[in-house]
Amino acid sequence: MAKRIDVSDLNIYYGSFLAVADVSMTIEPRTVTALIGPSGCGKSTFLRTLNRMHEVIPGARAEGKVVMDGVDMYASDVDPVAVRRHVGMVFQRPNPFPTMSIAENVLAGVRLNNKRISKGDAQDLVERSLQGANLWNEVKDRLDRPGSGLSGGQQQRLCIARAIAVRPQVLLMDEPCSALDPISTLAIEDLIAELKNDYTIVIVTHNMQQAARVSDRTGFFNIAGTGKPGRLIEIDDTTTIFSSPHEQATEDYISGRFG
Amino acid sequence: MSLTPTRRPEGAEPSLTPAESMTHGRASLANRAFARLSTASGVTILALLAAVTVFLVIEALPAVTTSPAELAERISWFPETGGILGYVGPLVFGTLLAALIALLIGTPLAIGIALFISHYAPRRLAQGLGYLVDLLAAIPSVVYGLWGSLVLAPRIVPVQDLLAQYLGWFPLFDGPAAQPARTVFTVGVVLAVMILPIITAVCREVFLQTPRLHEEAALALGATRLEVIRTAVLPFARSGIISAAMLGLGRALGETMAVLMILSPGFAYSFALLQAGQHQTIAANIANQFPEANTAGVSTLIATGLVLFVITLAVNMLARWVVSRRADFSGAN
Amino acid sequence: MATLQTPAPPAAGDEELRRQLTGAGLEPRRKRADRAMTVVVALAFALALVPLVSVTWTVLSRGLERFDLYFLTVSMRGVFGGMDAGGIYHAILGTLLITLFATLISVPIGLLCAIYLVEYGRGRLAKAVTFFVDVMTGIPSIVAGLFAYALFALVFGPGVRLGIAGSVALSVLMIPVVVRSCEEMLRLVPNELREASYALGVPKYLTILKVVLRTAIAGIATGVMLAVARVIGETAPLLIVAGTIDSINTNVFDGRMMTLPVYIFGQYRQGNVSCVAGAADCIPTINFDRAWAAALTLILIVMALNLLARLIARFFAPKAGR
């Protein structure tokens, strides 16, 4: 299931404004790659180009190459909608569909695409996805209740269950814990550790301890000043980044000297 | 725990290679079709407005091209002299007069009501009170006509008499006051009631948007409630009030039934508000003559309708322009 | 500003401070002005309630006299003079049918146009559409009637009177209202839900149909109901293009059609009946009585629609929660 993604010379623009410049990196399968950096450095923007979600914003475009197992995701005949079925995403704030029950939320990716699914298979998929998101035991007796009735942390795990129910190869997480309390954060972090057995995970986080705890590799983004584009400063094994980074800026950032 | 399934459920994403499954498919065709469809609906609105104009012009053309003498011969109510302009003139005058009276009565009242709801009434009551005013908008205009002519007109006679008696030296209130009061004054009062809800609603909205900081700044300086309103609320809301009044004016200009049922019509350029048989509005005149009109008559009436259309269009566009200017310049966000 | 001068600092003792803090220190002029404003504003509100109460009271008291099952279930066919007979069945039917067809025309166009503005609209076309929708809300109803007449006269020849022409006239008035309220409701749908759907690989049109519309449906239904309530009382355009008739017509595509508002106006216009002294079956005020009873019916329909709209909004809104 998990795939490798190769990014080379990626420039991201909003209109004529260059937001992120010249990013090249390789994202290894079945690992957790964390992206850290100060606010506004373009790490979320970069993350969204990995499943072409940035195209939702008018005027946003990317130049360069993003290759997933040999397929250029920006080739002219590639449909961004299909890309997103292979590269799932979890957002900063949990966003379950308010009109749907818990079970319907999990099935959303299937149902919204007008696909038929037998009742038994649907139940299977709901159970497996919720178990995959460590939520099954908490919600199994109220699957037909609205998803918005859950706590914040539960909602976020529901969103993860919803994302993995469409069986993506890659899972992107955009600060998935920033709106959650410490206990819920811990639950999500445990989940990430389990999910990496099956998925390639890329997580953007503000929290350096979190990056150190959950990730195998860490990329550091920085910005030279307002109006300047964000850049990838370095990417390496997490232990290396946090113990002996190559760049001075990285060391300054992780030791808390700015950002 | 492993998520790798031994058996893929039907309906889940089939395992195609990305190259196969990421290219454009049926969905993207439907996607474009839907985008086209909704864009077409947007264009339909523009087409509709253009159609309204074009059809009215086509039907009105005969009245403009035919000679006034011939029109007068073929239409019983067409004036012998003055032509089409001579016919529309008093109607435009009557329309503007009735709408202006409504505006003069309605706007201050609406501002007062809006202030009451936004700044004076207890918070818990405010919404309910606003709903009460909105109820005025739910009453159909034909019912206002019925009420205005059968209930209000007899009762407004003493007011008119008073005005004529004490303010009669002023041309507007030149007596003797008509009895029954089928006058443009009564019409103005009823129109004022009818446009109250729209003006109040817009004003209320604007008052509630007053930057909280400005209000608190005024309060912190020891201002009374009135002073807060004068220094923080009203200046901020000025263009909002103007556009609200314009919207109300647009409504009043086009109102038909209340005028038709209350006013005793006449074709004079007269400022005597309290006298009957002096005025008529474009809309009421059309509704009055149309059902019985012949081809030439219909064409003439449509021409007057076109004039009304242009007037209301101008008023509304002006109102929107004021609003959009305000959106650009107001510091509030 | 002169009135905002701070009062002189408390000169001596608690008494002075106390006097100032209780408001007694405020210059009397400022205090009076403030009080006067409160009274003026409250009076303005009370004044607005006068016509509301008066209209409601009159319609109820005068309308209830003839408002019964008989009145609601017969037409005016064969009714003349001061006969103690006749009802509004044909007018209710006409109003419902014409409004129904107006809704069938307006809602698809209005909703799709709102979707265009919220989900697709960029650049000059969207700006133009927004502007002209605003302009359209200001079209006088009589002009909408003239437009429908002009349109149908070109096809069917002069003097045309059709129920469907009335529907077209009402649509012109209804479409901008539907666009506005739908647009507002669609904008209330959080962008996060759209993104969640896109991230699941759902194409845009399915996202709109199944997530955005599904979330906003209660608000949209409410908006449509309110739009219907607004046009159902329209008189002038129907007077022009749907005409008047005393008997039942259930075909909007053929012939004149009576509607409630036009019926009210028609009865009002006929005025008092001069009865021959001693005539058995003659009520002088019969026409006014019927007009008031029909007005009561019309207002009840409008109120029912408003109530329904509010109920829909309350019960079908997405539940937030716990």
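In this predicted model, A:Asp69 counts as partly exposed, because 15 C-beta neighbours lie inside 10 Å. The residue is placed in the loop between S4 and strand S5 (71-72) of chain A, and its phi is near 45°, a positive value in a residue other than glycine. A positive phi in a residue other than glycine is also found at A:Arg52, where the angle is near 60°. A:Arg52 belongs to the loop between helix H1 (43-49) and strand S4 (60-68) of chain A, and it counts as buried because 22 C-beta neighbours lie inside 10 Å.

In chain B, helix H7 (residues 184-208) and helix H9 (residues 225-254) have axes that come within 8 Å and cross at roughly 150°. Since angles over 145 degrees count as roughly antiparallel, H7(B) and H9(B) are therefore roughly antiparallel to each other, and their crossing is right-handed. Residues on the H7(B) side of the contact include B:Leu191, B:Ile195, B:Ile198 and B:Val202, while those on the H9(B) side include B:Ala237, B:Gly240, B:Ala244 and B:Arg251. By class, the residues of this contact comprise 16 nonpolar, 3 polar and 1 charged.

Between chains, the contact of chain C with chain B draws 75 residues from chain C and 74 residues from chain B. On the side of chain C that touches chain B, the largest share, 19 residues, is contributed by helix H2 (residues 28-63) of chain C. The residues of that side of chain C are divided into 60 nonpolar, 11 polar and 4 charged.

Methods: Residues numbered from 1 in each chain as written. Chains lettered and ligands numbered in written order. Predicted model: local features only at pLDDT ≥ 70, side-chain atom pairs only at ≥ 80, totals over all residues. Axes fitted to C-alpha atoms, helices over the stretch in contact; angles between N-to-C directions. Helix = DSSP H or I, 4+ residues; strand = E, 2+ residues; numbered from the N terminus. Parallel < 35°, antiparallel > 145°, perpendicular 65-115°, else oblique. Left-handed = near helix turned anticlockwise from the far one by under 90°. Contact = placed C-beta atoms within 7 Å. Nonpolar A, V, L, I, M, F, W, Y, C, P; charged D, E, K, R; others polar. Buried ≥ 20, exposed ≤ 12 C-beta atoms within 10 Å, placed from the backbone.
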